[in-house]
Amino acid sequence: MKNALGQPQSLLLLGGSSEIGLATARRLVRERTRRVHLAGRPSPALTAAADELTALGAEVTVHDFDAAAVDTHEPVLGKVFADGDIDVVLLAFGVLGDQRRDERDPLAAAAVVQVNYTGAVTAALVSAQALRQQGHGSLVVLSSVAGERARRANFIYGSTKAGLDAFAQGLGDSLQGTGVHVMVVRPGFVRGRMTEGLPEAPMATTPDAVAEALLAGLRRGSDTVWAPGALRIVMSGLRHLPRPLFRRLPV
Ligand SMILES: NC(=O)c1ccc[n+]([C@@H]2O[C@H](COP(=O)([O-])OP(=O)(O)OC[C@H]3O[C@@H](n4cnc5c(N)ncnc54)[C@H](OP(=O)(O)O)[C@@H]3O)[C@@H](O)[C@H]2O)c1
């Protein structure tokens, strides 16, 4: 349960080594979150994340979780929720894929869809059901500005985020009045592991800045957060640009 100051006491990070997820977890632990569940595929990065958060004072548990293995989500996440209430679930796993390769390899494209959309749907539904049973908690879903409008450069990834974004909005509406809140976060280009080696897009940001915007949104009880915030205005214009013009933009 949140403490008297309304600060979350427990976090479940789905995608336990995500840079944005970890930047958020670090801030939460510094602010007072005591229990952190890191769910992810075993890796040195996941172990390092657990060690770092433990050193900051959190009680950390690591869970084997593969977003693509959708039939495991109920048992794996069921165990996490059986261990005590969770105040915040942060759905932070995702893959960018390689657009050019994936266009030529439909099964590689399907693997991106399986993680970013199918796996996110099952993990979110299992989490939402558990939060509903608790009667409180927030589910934060990392969508992307890429889902706002399909771009030639990354429409496979973008389409998965468009689907996830729509799903999360509907899920949030379905949970009105249950005590469970769903917040969709739409970062722009974030400098980090996922975008390493890619040409930087305008208004690029950092995992830490996204974490800051995310937590401010949680405190406000927002339904949607853009990071940076000015992207909301930019995208409200770009969304309506005629396609022949949009196609020519260097985005
Ligand atoms: N970086 C950006 O520019 C950007 C912009 C907008 C939105 N986002 C979204 O924000 C979220 C976090 O991104 P990030 O920047 O923090 O990237 P990141 O550091 O690359 O994190 C991605 C996370 O997804 C996990 N993951 C990938 N496939 C998985 C699977 N099959 N099962 C479980 N976990 C899996 C990775 O774990 P492994 O270590 O096991 O691979 C990693 O923890 C993603 O959903 C991303 O799409 C990112």
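Mentor: A definition comes first. Helices here are DSSP runs of H or I with at least four residues, numbered from the N terminus. Keep in mind that this is a predicted model.

Let's take helix α2, residues 44-55. Helix α2 has twelve residues. From its first C-alpha to its last it reaches 16 Å, close to the 16 Å expected at 1.5 Å a residue.

Now look at its sides. L46, A49 and L53 are buried in α2. Those residues cover an arc of only 55 degrees around the axis, which puts them on the same side of α2. Turn to the face directed away from that buried side. There you find the exposed residues P44, A48, D51 and A55. A residue counts as buried with 20 or more other C-beta atoms within 10 Å of its own, and as exposed with 12 or fewer.

What does the buried side meet? The buried residues of α2 pack against α1, β2 (35-40) and β3 (59-64). Just after α2 comes G57, with a positive phi of about 115 degrees.

Helix α1 covers residues 19-31. With three residues, α1 gives the most to the shell around the ligand. In total, 29 residues surround the ligand. The closest are S18, A67, G94, S144 and V190. By residue class, the shell divides into 15 nonpolar, ten polar and four charged.

Follow the chain on from α1. R32 lies in the loop between α1 and β2. R32 is not a glycine, yet its phi is positive, at about 140 degrees. Most residues other than glycine have a negative phi, and most peptide bonds are trans. R32 counts as partly exposed because 14 other C-beta atoms lie within 10 Å.

M203 also belongs on your list for backbone checks. Its phi is near 60 degrees, a positive value in a residue other than glycine. M203 sits in the loop between β6 (180-187) and α7 (207-220). With 14 other C-beta atoms within 10 Å, M203 is partly exposed.

Then check the peptide bond between A227 and P228. That bond is cis, with omega about 0 degrees. P228 is in the loop between β7 (224-227) and α8 (231-238).

One more loop residue is A150. You will find A150 between β5 (137-142) and α6 (155-174). Leaving out residues up to four places away in sequence, A150 touches F155, G158 and S159. A150 counts as partly exposed, with 17 C-beta neighbours inside 10 Å. V76 is 74 residues from A150 along the chain, and their C-alpha atoms are separated by 33 Å.

Last, step back to the whole protein. Its secondary structure comes to nine helices and seven strands. The C-alpha trace spans about 50 × 35 × 35 Å along its principal axes. A compact globule of 251 residues would have a radius of gyration near 18 Å, and the protein agrees with that at 17 Å. Of the 251 residues, 41% count as buried. Take the contacts between residues at least 6 apart in sequence: 68% of them join residues at least 24 apart.

Notes: Residues numbered from 1 in each chain as written. Predicted model: local features only at pLDDT ≥ 70, side-chain atom pairs only at ≥ 80, totals over all residues. Near = placed C-beta within 6 Å. Helix = DSSP H or I, 4+ residues; strand = E, 2+ residues; numbered from the N terminus. Nonpolar A, V, L, I, M, F, W, Y, C, P; charged D, E, K, R; others polar. Rg over C-alpha atoms; globule rule 2.2 N^0.38 Å. Contact = placed C-beta atoms within 7 Å. Expected span 1.5 Å × (residues − 1). Arc of directions from axis to C-beta.
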